[in-house]
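Here is a short note to read with the structure open. Take the points in order and find each residue as you go.

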Amino acid sequence: MDKILNTLFPEIDSELGIFDKKSVNQIKIYEKSEGKFYLKSLSIDEKEKLIYNKNSNKKYKEEIVRQLFLLDLFEKYKYPKKLVEIEKIVKFGREEKKADIVVFQNDGITPGIVIEAKSPDEDNDVDQLKSYLNAEGAPIGVGVNGLSKVILYRPYPKEFDDTLSDIPKYGETVDDLLKKKFKIKDLKFPTQLKKVIIETEELVLANSGFDSFDEIFKLLYAKFFDESEALLDPENYVLKFRKHQSKDVDKTKENIDLLFNQAKNKWSGVFSKSDIIRLRADHLSVCVSELESWRLLGANLKVIDEAFEYLIPAVAKSKKGQYFTPRNLIEMCVKILDPKKK
């Protein structure tokens, strides 16, 4: 039924880019009645789920996203099925809604993680996710749409002013997760960097008081340096562009500031010696957690182009007479010129 998946997701590699291809290939679709295609949920109840009605052209793409995240919960994060429930009723006063996935703590009663799945056509709704978390009292929430995911974390009883780049595995704590050491082989090439930046803006940058392009570019500059150092010794170099524990936001800022200064020394002329990262330590920590798991060096340049084109506001582009040359035209020019290293 690969044909049905491709009908639902014409650009499947990017639309479901945060999931491994092996996981996507495990989704089993079948035609139950003429023109109606279903799958059996991976949750413990194994409910049948309609994902495509060919007769009405109605598509339920968010169900595929939910099933892929369930697969990750069971295979990658090792959560037992008995602790995972789909479509759990969440009460908001007199109103009731259904949370897409809830992962319970070991008592099987206390919610630990709430997941809200969306179609790649939709943005992850941070406010909706917060409302579920507040209603359920869960410390971790995940918004996932196939293109990107945002993970909110509240070190209770604080507000949701923190994010994570991943969720803990079964039996792990958030502190265990943040203490892990990562090498460049642990990073994943992004299929969508623009979405990550939009979510970062929504979480903190829009309210930081600083120019989003300037601050994001400084962070990317520091990350490029960290990855370039890692490539010199990929087996031993431990990446420094990482978020520390929630109580150590100053340590995160100290490390990123150091990377930025080292990058300025290695690649002079892009920033002046007096340039600094101006984000507050807590805002910086959120941005780092959104970017840290992605590998930029060697990534598809179209993905990076799209992110930068979004970052430079339309007003600034019109004032400076800027436009973005299509990547295929750039590649053609480089091939014609055939530049050598010197």
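1. Start with a definition. The expected span of a helix is 1.5 Å times one less than its number of residues. Keep in mind that this is a predicted model. Now apply the definition to helix α4, residues 61–76. The helix has 16 residues, and from its first C-alpha to its last it reaches 22 Å. That is close to the expected 22 Å.

2. Is helix α4 mostly covered or mostly open? It is mostly covered, with 13 of its 16 residues buried. Look next at what comes just after α4. There Lys78 takes a positive phi of about 65 degrees.

3. Move on to helix α5, which runs over residues 126–136. Which of its residues are buried? They are Val126, Gln128, Leu129, Tyr132, Leu133 and Glu136. Viewed down the axis of α5, these buried residues fall within an arc of 165 degrees, so they line one face of the helix. An α-helix has 3.6 residues a turn, so residues three or four places apart point the same way.

4. What does that buried side of α5 meet? The buried residues of α5 pack against several strands: β5 (84–92), β6 (95–104), β7 (111–117), β8 (140–144) and β9 (149–153). They also pack against helix α7 (194–203).

5. Check both ends of α5. After the helix comes Gly137, whose phi is positive, near 70 degrees.

6. Turn to charged pairs. How many salt bridges does the structure hold? It holds 21. One of them joins the side chains of Lys32 and Glu48, with N to O at 2.6 Å. This pair links distant parts of the chain, since Lys32 is in strand β1 (residues 30–33) and Glu48 is in strand β3, 16 residues apart. Lys32 counts as exposed, at 51% relative accessibility. Glu48 is partly exposed, at 37%.

7. Lys223 forms a salt bridge with Glu227, and their closest N and O atoms are 3.1 Å apart. Both residues lie in helix α8 (residues 212–232). They are four residues apart, about one turn of the helix. Are they buried or exposed? Lys223 counts as buried, at 3% relative accessibility. Glu227 is buried too, at 1%. Buried means under 20% relative accessible area, so each of these values qualifies.

8. Now find Asp338, in the segment after α13 (327–337). Its phi is near 50 degrees, a positive value in a residue other than glycine. Asp338 is partly exposed, with a relative accessible area of 46%. Its side chain meets that of Lys340 in a salt bridge of 2.8 Å, N to O. Lys340 is exposed, at 61%. Elsewhere, salt bridges that share partners join Lys47, Lys49, Glu63, Arg66, Glu87 and Asp100 into one network.

9. Finish with Asn57. Where is it found? Asn57 sits in the loop between β3 (48–53) and β4 (58–59). Its phi is near 60 degrees, again a positive value in a residue other than glycine. Asn57 is partly exposed, with a relative accessible area of 47%.

Methods:
Residues are numbered from 1 along each chain as its sequence is written. This is a predicted model: local features need pLDDT of at least 70, side-chain atom pairs count only at pLDDT 80 or more; totals for chains, interfaces and linings use all residues. Side-chain values use heavy atoms; hydrogens and water are left out. Helices (H or I, at least four residues) and strands (E, at least two) are DSSP runs, numbered from the N terminus. Buried means under 20% relative accessible area, exposed over 50%, partly exposed in between (1.4 Å probe, protein chains only). A salt bridge is a side-chain nitrogen of Lys or Arg within 4 Å of a carboxyl oxygen of Asp or Glu. The arc is that of the directions from the helix axis to the C-beta atoms. Contact means heavy atoms within 4.5 Å.
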